[in-house]
Amino acid sequence: MNKTVLAVFIATFVGAAPSFAQKSDQQHAHNETVTSIDKSIKDKHDEHTDDGHEEHELQDGQKLDEHGGEGADEHDDHESEHAHDKGENEDKDDEEHDETASASLDSNQMALANIKVSTLSPKIVNYTLYAPGEILSNGYSSYRVSPRVASVVTRRHVALGDRVNKGQVLVTLFSETVAQAQANYRTTYPEWERVKGLGRKTVGEQRYIDAKANFEAASAVLISYGLSDADLKTLTSQQSIALGEYSLRAEIDGAVLSDSFEQGQRIDAGEPLISLADESELWVEAHLPSNINLRLGAGSPAQIKVGDFTVDATVTQEAHTIDPITRTRTVRLLVSNPEHRLHPGQFAEVYFRFLTKMPVMAVSESALMRGPDGDWMVFVEDHPGEFLPVEVELGRALGGLREITGVEPGSRVVSEGAFFVASQIAKGGFDPHNH
């Protein structure tokens, strides 16, 4: 680049410099003016905003006070009133529910369902208690025939079911032991007869005592074996029986209930041959549940039913122990059987008769129903054809009746058809327990 052009460029730049500086100053002044205006606008805006915010906060505060102060009280009152109304509504609903938890039946429905209603009032209850029983022979008047020493059966003289009289021959036996005892008796008998005839002074005191003692001992042995006085006399008669043979006789009047033996059979001492029983009076053993708290004194009346035959009986004894197998308590009764229509081994129905000491409120078992929670209830007729469930507490079982509490005297209670009433309530979707 030549000097002339350079000089022109410098001159031009120098001349333009004040103009650039002036422009820069003007720009700076403009910026300050804009900044001042923006600041002023911002201050006014902030002042306006602060006033509006304070006013807004004040208004919000007033509104907050309205809710936090009087407004809060009104709100609480409103909630309390709402809760109270809700409680009243719930109580009202419960009352309406209780009122509606019922069954309304017309006369036709009651007739079809065989619903019967009876007025409940306290009264003395005459009731019966059932128990299964068994006819038994009277153990106190029965007799078991058995040999007192090992013997062999040679002949039988009676059969099962025969009626025998006291002293009648039942069975003839043979025993070696009895033979020895009979021989001893035959020896002692004549000696005693001779000494007794001569007298105490003639034979001497000691001989007299020895003869008497030997004879009495020989007689006692034979009697203990089952021989009678008549048998002893036969041993010393001209028609004496063979040694070792002896007969057992009936000790009572009665019937042969068992004779489980055969001729020629060897029978050990004490083994039963024949059972005799006087069937004019029999025992009845009734079996009561062990959980029944019932005292039956001697003489308590009862009825015995066997088939279509019914006869009166009285309690004679009551066991104080529980049978370990049947878990029942035995009550023994005595029944007269003059016509011999009852026989040992028969099953019987026993009905004990009672009277309550005080009037009680009692309903039939068919009147009781279980509620949803398992409690017992009955249905009371509030209005004609309108039945309400009422909870009751159960007391004693009085035959076919049950003692109850929880129902006012004079109430009309469904005695039959309670299940139908409960089903009608359940169909309506209501809780028949009034909950």
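## A tour of the salt bridges

A search of the whole of this predicted model finds 13 salt bridges. Side chains of opposite charge can pair when their charged atoms come close. The stops below visit some of these pairs.

Stop 1: Select Glu 245 and Arg 155, which form a salt bridge whose closest N and O atoms are 3.9 Å apart. Glu 245 has 25% relative accessibility, so it counts as partly exposed. Arg 155 counts as partly exposed because its relative accessibility is 38%.

**Stop 2: two helices.** Next, select Arg 207 and Glu 191, whose side chains meet in a salt bridge at 3.4 Å, N to O. Here the link runs from helix H6 (residues 205-224), which holds Arg 207, to helix H4 (residues 176-198), which holds Glu 191; they are 16 residues apart. Arg 207 is partly exposed, at 38% relative accessibility. Glu 191 is partly exposed as well, with a relative accessible area of 27%.

**Stop 3: a pair of strands.** Finally, select Glu 318 and Arg 329. Their salt bridge has its closest N and O atoms 2.1 Å apart. Glu 318 lies in strand S14 (residues 309-322) and Arg 329 in strand S15 (residues 328-336), eleven residues apart. Are these two residues buried or exposed? Both Glu 318 and Arg 329 are buried.

Definitions and conventions. Residues are numbered from 1 along each chain as its sequence is written. This is a predicted model: local features need pLDDT of at least 70, side-chain atom pairs count only at pLDDT 80 or more; totals for chains, interfaces and linings use all residues. Side-chain values use heavy atoms; hydrogens and water are left out. A salt bridge is a side-chain nitrogen of Lys or Arg within 4 Å of a carboxyl oxygen of Asp or Glu. Buried means under 20% relative accessible area, exposed over 50%, partly exposed in between (1.4 Å probe, protein chains only). Helices (H or I, at least four residues) and strands (E, at least two) are DSSP runs, numbered from the N terminus.
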